[in-house]
Every structure is written in structure tokens, then in C-alpha cells.
Amino acid sequence: MSGAPLKADPQRARDQAGERQVVEVAVGVLVCDAGEGRQAFLMTSRPEGKVYAGYWEFPGGKLEQGESVTEALVRELDEELGVRATEVQPWRSLQVDYPHALVNLNFCKVLAWQGELAMREGQRFAWQDLPTRVAPILPGALPVLEWLQAEGGFERA
Ligand SMILES: Nc1nc2c([nH]c(=O)n2[C@H]2C[C@H](O)[C@@H](COP(=O)(O)OP(=O)(O)OP(=O)(O)O)O2)c(=O)[nH]1
């Protein structure tokens with residue numbers, strides 16, 4: 001990853017500015033076949049009680065001690081969605097400077113999983129294509145939409 005972090009909500013003060021550790025996060029873009037050569041991707045809303053509650057994002061969460069990105073993502077997808085990811089492809093990374101934390105987002109494409117989706121944290125979910133129909137979207141999820149747009153295949157019929 002190169003360049004300055006994306007600064008979210010720049011008008012707000014930063015917590016513990018100067019002594020911040022980078023928090024590693026594993027994020028999954030679940031992709032499914034939407035027919036006629038098109039694809040769709042899964043977005044979920046942030047549960048109550050978390051920062052940016054109600055904002056739409058991609059499922060995932062912070063790495064625990066000793067975990068790899070893939071291990072953390074498999075665990076988070078099980079905890080949040082009740083599925084077992086079986087094909088995880090590391091994709092892009094991005095640093096975001098939020099008022100609450102400095103995070104390094106490790107985005108992976110999730111191309112296969114076992115089990116039915118079950119929102120275990122009371123979140124909402126929506127299969128999306130481009131342009132998306134959900135709002136508001138978390139600042140650190142917005143760049144993903146540009147990357148998907150650039151790749152093509154996710155536009156609405
Ligand atoms: N899951 C996810 N997190 C994202 C995305 N974009 C983005 O900036 N983030 C940020 C928001 C949070 O600061 C951080 C993820 O932390 P989190 O609080 O959701 O993680 P967690 O599930 O491990 O939470 P917890 O156990 O501490 O409650 O990454 C995204 O698309 N998905």
C-alpha cells in the first residue's frame with residue numbers, strides 16, 4: 001500500500017493523535033453470479049453499538065493476535081454471517097484515518113462459501129450492483145465501489 005491514508009470526516013478531531021497504532025482489518029467482498037454474465041456483491045450494515053452504526057460496508061473485522069488476514073476473515077464471516085468461506089482471494093489494501101482509529105483494510109474477494117447467509121449481529125444485508133442503492137456507505141468502503149467499477153461486470157442490467 002502506498003500514499004497517504006484516506007482521511008475520513010476530516011473536520012472531526014482524531015482520538016489519540018500521535019500515538020496511534022495501525023489496526024489491521026480483514027474485509028470480504030462476497031461475489032455471486034447474478035446471471036447473464038453479471039455479478040453482484042454483498043454489503044452489510046454496521047450493527048448498533050459500533051462506530052458508524054447503520055453505515056453500509058463489507059463484512060469483516062479486526063485481526064486478533066497471531067491471525068493472518070485470511071484466518072481473521074474466515075472467522076469474522078462465520079461470526080457475522082454464519083458462512084464458511086472456502087475461496088478467499090487477497091485483493092487490495094487501503095489505510096483509512098478515522099477520528100476513532102487508523103485502520104489498514106485488507107480487502108479480499110470471497111468467491112465461494114458454504115452455508116446460508118444468516119445475519120448473526122442484527123445487521124441488514126443487500127446484494128448490490130452498480131450504482132449501489134444503499135446509503136450511507138462507510139468512507140472506508142467507498143473506494144471498493146470504484147475498484148469494482150474499474151473491473152467491470154457489476155453494472156446493473
Ligand atoms: N468490516 C469493515 N470494516 C471497515 C470497512 N471499511 C472500513 O473503513 N472499516 C473500518 C471500520 C472499523 O474502524 C474497522 C473494523 O472494525 P470493526 O469494529 O467493525 O471490527 P470488529 O468486528 O472486529 O469489531 P469489534 O469486535 O471490536 O466490535 O474497519 C469495511 O468495508 N468493512
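Residues are numbered from 1 along each chain as its sequence is written. Because the model is predicted, local features need pLDDT of at least 70 and side-chain atom pairs count only at pLDDT 80 or more, whereas totals for chains, interfaces and linings use all residues.

The protein contains two helices and eight strands, which are DSSP runs numbered from the N terminus (helices H or I, at least four residues; strands E, at least two). Along the sequence they follow the pattern β-β-β-β-β-α-β-β-β-α. The radius of gyration, taken over C-alpha atoms, is 15 Å. This agrees with the value near 15 Å for a compact globule of 157 residues, by the rule of 2.2 Å times the number of residues to the power 0.38.

UniProt, in an unreviewed entry, places the feature "domain: Nudix hydrolase" at residues 22–150; such annotations may be inferred rather than shown by experiment. Over residues 22–150 the chain is 17% helix and 45% strand.

Buried residues, with 20 or more other C-beta atoms within 10 Å of their own, make up 29% of the 157 residues. The largest nonpolar core has 33 residues; a core is a set of buried Ala, Val, Leu, Ile, Met, Phe, Trp, Tyr and Cys residues joined through C-beta atoms within 7 Å. Those with the most contacts inside this core include Ala 26, Leu 73 and Cys 108. Among the elements that give two or more residues to the core are strand S2 (22–35), helix H1 (69–81) and strand S7 (102–114). Ala 26 touches, among others, Gly 60, Gly 61, Leu 73 and Cys 108, where a contact requires C-beta atoms, placed from the backbone, within 7 Å.

Around the ligand there are 17 residues, each with its C-beta atom, placed from the backbone, within 6 Å. Glu 57, Gly 60, Gly 61, Lys 62 and Gly 140 come nearest. Strand S5 (60–62) gives the most to this shell, with three residues.

Two peptide bonds are cis, each with omega near -5 degrees: Leu 130 to Pro 131 and Ala 135 to Pro 136. Pro 131 and Pro 136 lie in the loop between S8 and H2. Glu 36, in the loop between S2 and S3, has a positive phi of about 50 degrees. Glu 36 counts as exposed (12 or fewer C-beta neighbours) because it has 6 such neighbours inside 10 Å.

Key:
Contact = placed C-beta atoms within 7 Å. Lists of a residue's contacts leave out its neighbours within four places in sequence.
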